Amino acid sequence: NYTFKKLIDDYFVYVLVIITFFTLLVLALFFAFDKLIKYYSYDELTKLLSRKNLTKYYEKMKKESIAKKQNLSFLLFDIDDFTHINDFYGQECSDLVIKQIASTILKILNDSGVVFRSGGEEFFAIIKLDYNNAIELAERCRKIIENQTIEYNFTKIKVSISVAITDNREDLTLDDLFFNVQKLLSIAKYKGKNRMQGKLEK
């Protein structure tokens, strides 16, 4: 006979199944959302912050620098002759080069600021240093990468970077800054690559 006790037992089993289902659903949605956030926040290859986050970090760091009367500087790194590396060694090797250079830049900059992958072989950094100290840090990055050797399929590959650097002005937008460092980077490339180019004197 279907007793009252059996009815209660079935009810609790039913409730338990429903609670378990919704708990698993919430956990699945949470992990999916977390993965989505990481996908949009970080570059998949280098694990650096992606360019999508650049405006948010720039506005935040700019406000903090004004409030604390701190300096900000901006560095744009570009791997020299990257097209040749990709064409000669292939995409697997060029991906390895990008990862290695990104890791080196991140390690050297350490807690000085944040680094983004701004393009294919380009990296943009916002650092909490004045212009002169930022120049020293940029030159250190350039020299260390110049002396590195990247091994791929028993082949040792030498890579260099060009670096452009400028400082912050309150009247400049992020687009203005990008335009300025892109122009400086073009000058560094024109002058022979594997070099650092600071802001132009007026």
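The structure is a predicted model, in which local features need pLDDT of at least 70 and side-chain atom pairs count only at pLDDT 80 or more, whereas totals for chains, interfaces and linings use all residues. Residues are numbered from 1 along each chain as its sequence is written, and side-chain values use heavy atoms, with hydrogens and water left out.

**Overall make-up**

- The protein has six helices and eight strands, taken as DSSP runs (helices H or I, at least four residues; strands E, at least two) and numbered from the N terminus.
- Their order from the N terminus is α-β-α-β-α-α-β-β-α-β-β-β-α-β.
- Of the 202 residues, 37% are buried, that is, under 20% relative accessible area with a 1.4 Å probe, protein chains only.
- Among contacts (heavy atoms within 4.5 Å) between residues at least 6 apart in sequence, 67% join residues at least 24 apart.

**Strand E4 and its burial**

- Strand E4 (residues 122-127) is largely enclosed by the rest of the structure, because six of its six residues are buried.
- Glu122, Phe124 and Ile126 point one way from E4, while Phe123, Ala125 and Ile127 point the other way.
- In a regular strand, side chains alternate between the two faces of the sheet.

**Pairing of E4**

- Strands count as paired if DSSP finds at least two bridges between them.
- E2 (residues 73-79) runs antiparallel to E4 and is joined to it by six bridges; Leu76 has Phe124 as its bridge partner in E4.
- E3 (residues 113-117) is also antiparallel to E4, with five bridges, and Arg117 is partnered by Phe123 of E4.
- A hairpin of four residues connects E3 to E4.

Notes
Buried < 20%, exposed > 50% of the residue type's maximum accessible area, 1.4 Å probe, protein only.
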